[in-house]
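Open the model in your viewer and keep the sequence panel beside it. This tour tells you what to select next.

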Amino acid sequence: MAFWLSAALLAIGIGVALPVAAQAQDKTTSSAAKKKPVRAKKQAAKPAAAPARPAASAASAAAPAVAAAASAAAPAAARQGPREADYIVAVVNTEPVTNNEVRARVARAEREARERNIPLPPIDELRKMMLERLISERAQLQYAREQGLKVDDAALTQAELSIARQNELPSVEELHRRVQAEGITLKDFRDDVRNQVLLAKLREREIEPKIQISNADVDAYIREQTGARVGEQQLNLAMILVGVPERSTPEEEARLKARADEVARRAKAGEDFAKLATEYSDANNRGRDGGVLGLRLADQYPELFVQSTRGVRVGGVVGPVKSGAGYHILKVLERKQNNDLPEVKIRQTHVRHILLKVGPSQSERVARDRLADFKRRILAGQATFDDLARKNSQDDGSASDGGDMGWANPGQFVPEFEQAMNNLDPGQISDPVTTRFGVHLIQVEGRREKVLTPDEQRQLARNVLREKKAQEAFETWAKEVRGRAYVEYRDPPR
């Protein structure tokens with residue numbers, strides 16, 4: 001189904017960690033908005049176009065969306081009228097939150113609400129909401145720094161490139177020009193982007209390793225999104241019916257019951273069930289099909305049949321069981337789970353990489369310098385990616401294949417790798433990219449549309465559910481971090 005595909009990819013994309021407009025922290029919610037979901041959420045309940053990465057709504061917003069992306073860092077209040085003197089509205093542990101920061105967030109919330117036609121609460125309530133978000137975010141950033149997490153310049157550049165691509169801008173330089181044209185300093189913009197990447201890294205470290213998704217969760221999700229009865233039990237039964245006519249006398253019914261008992265005894269003793277059906281069944285076709293009823297979902301059989309055969313092994317015979325039609329002898333021919341899924345297409349990327357691990361014998365800086373030199377040599381025609389990967393890559397799974405990792409589905413790699421890969425056109429080579437595994441040089445060989453197998457669709461659904469559960473867990477964790485922080489409120493924002 002088109003909707004499920006789009007929703008799946010959108011959710012997977014969140015792991016890229018650079019929501020345009022820093023939306024992971026600042027999606028506007030209110031009591032009114034909860035009663036009438038924002039447009040993006042509405043699309044998650046109905047068929048939609050094939051997906052994009054996280055913040056797909058921003059991808060079509062072009063220049064106006066760039067302003068939305070940056071306004072958390074913007075002196076937006078200054079553009080709304082005479083500039084007031086800034087002042088501290090709260091202190092989180094030792095760090096201040098200023099009135100201008102709250103005003104910038106309010107301005108952004110108002111702009112996004114206008115673009116999406118979402119009602120907002122009264123201005124005083126909105127200011128309080130934005131202040132609480134800033135306090136929560138500040139507490140998380142402090143915790144991230146305490147844990148030693150950092151965002152290097154290369155990760156920041158990749159994040160900016162993602163914003164540029166999502167807003168259909170040709171380059172990061174053009175993104176910077178648009179941001180500055182909105183009256184936002186480049187430093188404020190980049191600081192905000194860096195903070196959002198840092199928060200995403202924190203979430204990846206604190207939340208995602210704890211998320212578990214069961215097969216039952218996957219089945220339920222696919223049923224919900226596609227209507228497919230995936231995961232439900234299917235049964236194939238054979239039946240012999242000894243019919244009991246209406247208004248039969250007790251003597252007639254006793255005779256027919258004895259006949260059914262005898263047929264059941266012979267079937268359980270191993271006689272050919274199909275032959276017995278042809279000889280004794282009073283069903284519509286008189287058993288000419290061997291009594292076979294066919295493979296179907298269990299709930300498409302009479303409840304009497306399902307309950308009577310529950311727990312019976314394949315090949316087992318039960319009965320006779322009584323219904324309004326007479327006495328039934330049932331044989332379980334087959335049990336299986338329904339795994340039929342609708343056709344789903346997805347964009348795959350053919351990618352290769354060179355991995356240099358970081359440790360006592362090789363620092364991150366040394367690894368990055370070596371990979372930068374590899375890229376220079378490849379572009380100069382002095383070496384090939386394949387040859388350098390075979391000789392230098394420390395990924396045991398791909399080095400012998402010249403770094404070839406095959407065709408990858410969205411969400412298959414860690415966010416930093418995925419983001420850099422998605423920013424490349426076929427044939428391009430990335431700058432060195434740091435992940436938890438080391439430092440990578442990445443090359444995209446090509447892209448294609450592929451019809452997913454049922455197993456691949458299930459993995460895609462698993463990725464979606466992982467992201468959903470991670471978001472829920474993150475919200476709970478964020479409240480705990482906020483609760484541990486010392487917060488001193490000063491003058492209210494205005």
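This is a predicted model: local features need pLDDT of at least 70, side-chain atom pairs count only at pLDDT 80 or more; totals for chains, interfaces and linings use all residues.

Residues are numbered from 1 along each chain as its sequence is written, and side-chain values use heavy atoms, with hydrogens and water left out.

**Select everything.** The protein has 19 helices and eleven strands. These are DSSP runs numbered from the N terminus: helices are H or I, at least four residues, and strands are E, at least two. Of its 494 residues, 49% count as buried. Buried means under 20% relative accessible area (1.4 Å probe, protein chains only).

**Select 153-166.** This is helix α9, with 14 residues. Now colour the buried residues of α9, among them Leu156, Ala159, Ile163 and Gln166.

**Step to its ends.** At the start of α9, a side-chain oxygen of Asp152 comes within 3.2 Å of the backbone nitrogen of Ala154. Just after α9, find Glu168, with a positive phi of about 60°.

**Select Ser398.** Ser398 sits in the loop between α17 (385-392) and β8 (404-408). Is Ser398 buried or exposed? Ser398 counts as buried because its relative accessibility is 2%. Leaving aside residues up to four places away in sequence, Ser398 touches His353, Gly403, Asp404 and Met405. Contact means heavy atoms within 4.5 Å.

Notes:
Buried means under 20% relative accessible area, exposed over 50%, partly exposed in between (1.4 Å probe, protein chains only). The expected span of a helix is 1.5 Å times one less than its number of residues. A polar contact is a pair of N or O atoms within 3.5 Å; within protein, one must be able to donate a hydrogen and the other to accept it, and residues adjacent in sequence count only if both atoms are side-chain atoms.
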